[in-house]
Every structure is written in structure tokens, then in C-alpha cells.
Amino acid sequence: CHSGSMTGGSLMVGAGTDASTVRAALVNAPASGPQCGSSGMSLVVPGDPDTSLLYRKLADIPPPCGARMPPTGPLTSQELSRIRKWIADGAADN
């Protein structure tokens, strides 16, 4: 996801980016971009997937702001469950 050209939310994750760097860009980071920047939401709120914009953009129809992710179609229920559990468990660097 999010490599190559700039995305609507300004999150850039290039090839070879390690997991710790991606986590640091997500956890407690404020939403940005023209559609979500004024939402007051954080991308990932450790322990709270329901207020995490990342999770809501993956799960909600429609999302609270911007377009649903990923643009290629919804994640499987197993993938979505893994992300929800990771956030609910504190979004650890693991």
C-alpha cells in the first residue's frame, strides 16, 4: 500500500520500509490530507480500533472521511480481524 505517488492522506510507505518505521508513522499520528485532516482523528489509537482512522477506513462503509481503503477492494474478514486485534492489543511494535 501507499508507495510511489503521494496519497490523499500524505502517508508514504515505500518498498523496504521496516515495520517499526511504518508503526511510528501510524500510532497516535493525526489524520492529514484534504479530506481527513480536519477530522481530529488519529491514524491508530493504541487499544481503540473504533476511534482509529486506519481501522475505520478499512472497515466502515462509508468511512468517516475520504475513501474506503484499500481502493482495490475490501480486506478479508481475517485480515481485518488481525488489524483490529493489533490495535486493540496496543499496536505493539511486533
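Tutor: Let's start with S52, which has 0% relative accessibility and therefore counts as buried (buried means under 20% relative accessible area, exposed over 50%, partly exposed in between, with a 1.4 Å probe and protein chains only). Keep in mind that this is a predicted model, where local features need pLDDT of at least 70, side-chain atom pairs count only at pLDDT 80 or more, and totals for chains, interfaces and linings use all residues. Residues are numbered from 1 along each chain as its sequence is written, and side-chain values use heavy atoms, with hydrogens and water left out.

You'll find S52 in the loop between α2 and α3 (helices are DSSP runs of H or I, at least four residues, numbered from the N terminus). Leaving aside residues up to four places away in sequence, S52 touches M41, S42, L43, V44, V45 and I87, where contact means heavy atoms within 4.5 Å.

Now for the disulfide (a pair of cysteine sulfur atoms within 2.5 Å). A search of the whole structure turns up 1, formed by C36 and C65 with their sulfur atoms 2.1 Å apart. This pair links distant parts of the chain, 29 residues apart: C36 is in helix α2 (residues 33-36), while C65 is in the loop between α3 (53-59) and α4 (77-88). The torsion about their S-S bond is about 115°, so the disulfide is right-handed. Both C36 and C65 are buried.

Key
Helices (H or I, at least four residues) and strands (E, at least two) are DSSP runs, numbered from the N terminus.
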